[in-house]
Amino acid sequence: MIDKITALYCRLSNDDDLQGESNSITNQKSILLDFAKKNGFRNIEMYVDDGWSGTNFNRPDFQRMVRDMEHGKVGTIITKDLSRLGRDYLMTGQYIEMIFPEYDVRYIAVNDNVDTLKSENDMMVFRNVFNDFYARDCSRKIKASFKAKGMSGKPLASHPPYGYKKSEQDKNVWEVDEEAAVIVRRIFKMCIEGYGPVEIARRLTSENIPIPSVYLAEKNGKTINCAHPTRWQNQTIGKMLEKYEYLGHTVNFKCRTKSYKQRKRVNNPKEEWLIFENTHPAIISQNDFDLVQQLRRHNKKPQKNNEINLFSGMVYCADCGKPMYLHRNSSKSKDQEHMKCATYSRGFRECSAHYIRTCVLKELLLNEINKMLEYVHGNREQYIEMLIQQTGNNRADDIKNAKKKIAKSEKRIAELDALFTRLYEDNALGKISDERFDLMSANYETEQKQLKTQVAELQKFVDSKEQQDSNINNFIELVGRYERLTDITSEQMHELIDSIVVHAPDKSSGHRRQIVDIHFRFGVVCATVVVERQKKVA
C-alpha cells in the first residue's frame, strides 16, 4: 500500500464552526498531518469540504476521494474523528463496514481511536449514533429558529426575488431594484396584453436581457458558469407571474424538507403559507396581479400567426358552459372570423353549432362599454346606488344584524366553556352524579356545536356582503380611469370584462336573433345585448 494515496479528509459545517477553533479546517489539517508523520504514512493528499453538513454525503471533495478509491488509488483514509466522515449513522456505518473494505481501504478516526486494520471497535456504532443524534438536534434547533423568524414576518428566503434587493441597513428588509423591476413590470404588462410565458420568454431572450441568476451574480460581482446567460425559460416567467412578493407581501413557509437527512425541498400547499402584507414596496398593483392570475387560469395557446386573440378565454357557450374558440381561414376575409362552441367543434352533438363573428362581438362590446362609461361619468352616485340595489337594498342593516348575532353567539360559546369547567368540578367533588353529568355535558356540547356552525355561516355571510362593497368600489375606481373607447385592446378587455356568454340563435321569427351576456369584472353588473340579422358564416 506504499504507492497508494493516504487520504486526509477534513470537513466543517456551519454548525461545527460555531464551536470554535477545535473543529476548524486548520486544526483538523494539523492533527491529521502530525498523525500521518508520526505513523509513517506516505503519499499524502488532502481532501477538504468546508461548509458542508455531515448528513450530506454528496460533498465535492468527499466524492472526489470516493472516485479515487474506486479507481484503486487510495489505500488509507484518515479523519480527526468519526463525525468528520459523516453524521448519518447508517451511511457512515455503510462506508466503514462495507464500502471501504470492498476496496481494501483502511480507515482511521484519530480522536475516536478507530482503526479498521488493527481490530473491531464495538463502540464505533454507538459513536456514530451519537453523531447522528447531534445532527438531529442541530436540525431541530435550526428549524425552531427559522420558524420563529418566519412567524415574526421576516423573510426566510436567502435571496429576494428578481426585482428586489436587500437593504444595506437591514438584511431582513427588501428594497426595489429599479433596474430589474422594470423587467418585472414589463413581464406582467405583456401577460395582460395577451402574451403567454413562452412568447414573453422568447422576446426577452431576443433582446439579450440577462436571466435572474446571472443578473444577481453580476450585481454581487461574481461570475456564474451559464451556457446561455440570456436564455429565458417559460417556467421562470410562469413562477414570476405567481409571486405574491411583487405585491409587497412577505410569504413564508412555501416549502419544507422532509427530514434533516433529505435535502430535497417539498412545496407546501397554499393553505400552509404565512403571508405578511405590505412589508416592502410593491412592484405590481393588486389589480394587475389579480388580472394576470385570471388570465393564466385560461392557459391559452398562442395563435399560429402570432396574433393575439382579443377574446381568448373570455367567451363561453350559454348552453354547455364550455369555452368558444376562434375559427379563422386565410382564404376568407377577416369579417368571417368567428367564435364557435367547443363542444360542437369537437364533434359532440350535445350542443348546437352556434357562433358569433368577432367583428360583431367587438362592435357590441365597444357600444356597451361606452354606454356604461358615459353613464358612470355623468351619474356616478346613481350608478353606485343601482349597483347597491343589485346586491341587496338592506345590505348595511343585514351586515349589522349578522355581526350582532355573531357577538351574541360567541358570548354564549364562552359561557358554555365556563359551564363545562364548573360541571366537571361538581362531578369530581360528587355534587352531581355521573348520569347527570353525562346528560348535561351532552346538551351543552350540542348547543355549543350548533352555535359554532351558526357563527361560521354568519361570518361567511358578512364577508360576502363586505366583499360586494369592495367590488363596487374597485369597479368604480377602474371605470374612472377610462374615457370613451374607439377601439379596445386585449389589456383593456381583460381589465373591464370578466366573461362573455353567447346564447344559441333564435330563428322562430324568421330573423336570426341572438342574446349575448357581458359580465363586467368584480361581478357587480351584467349587460344583456340582442344581436339581430347577423349574416351567416359561409
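Residues are numbered from 1 along each chain as its sequence is written, and side-chain values use heavy atoms, with hydrogens and water left out. In this predicted model, local features need pLDDT of at least 70 and side-chain atom pairs count only at pLDDT 80 or more, whereas totals for chains, interfaces and linings use all residues.

**View 1. The open sheet of strands S13, S14 and S15.** Three strands, in the order S13-S14-S15, form an open sheet with antiparallel pairing; strands (E, at least two residues) and helices (H or I, at least four) are DSSP runs numbered from the N terminus, and two strands pair if DSSP finds at least two bridges between them. Because S13 (324-327) and S15 (355-357) each have a single partner strand, they stand at the edges, and one side of each is left without a neighbour in the sheet. From one strand to the next, the twist averages 25°, with axes fitted as lines to C-alpha atoms (for helices over the stretch in contact) and angles running from 0 to 180 degrees between N-to-C directions. S13 and S14 (residues 338-341) run antiparallel and are joined by four bridges, and Met 324 has Cys 341 as its bridge partner in S14. Helix H13 (residues 358-378) lies across S13, S14 and S15, at about 70° to S15.

View 2. Thr 79 belongs to strand S3 (residues 74-79) and is buried, with a relative accessible area of 0%; buried means under 20%, exposed over 50%, and partly exposed in between, for a 1.4 Å probe and protein chains only. A polar atom of the Thr 79 side chain lies 2.9 Å from the backbone oxygen of Asp 81. Leaving aside residues up to four places away in sequence, Thr 79 touches (heavy atoms within 4.5 Å) several residues, among them Tyr 9, Leu 32, Arg 84 and Tyr 107.

**View 3. Helix H9 and its buried face.** In helix H9 (residues 212-219), the buried residues are Val 214, Tyr 215 and Ala 217. Seen down the axis of H9, these residues fall within an arc of 165°, so they line one face of the helix; the arc is that of the directions from the helix axis to the C-beta atoms. Helix H7 (178-192) is included in what covers them. Just after H9, Gly 221 takes a positive phi of about 70°.

**View 4. Cysteines Cys 10 and Cys 226.** Cys 10 is buried at a relative accessible area of 0%, whereas Cys 226 is partly exposed at 27%. Zero disulfides are found in a search of the whole structure, where a disulfide is a pair of cysteine sulfur atoms within 2.5 Å.

Terms used
Polar contact = N/O pair within 3.5 Å; in protein donor to acceptor, adjacent residues only side chain to side chain.
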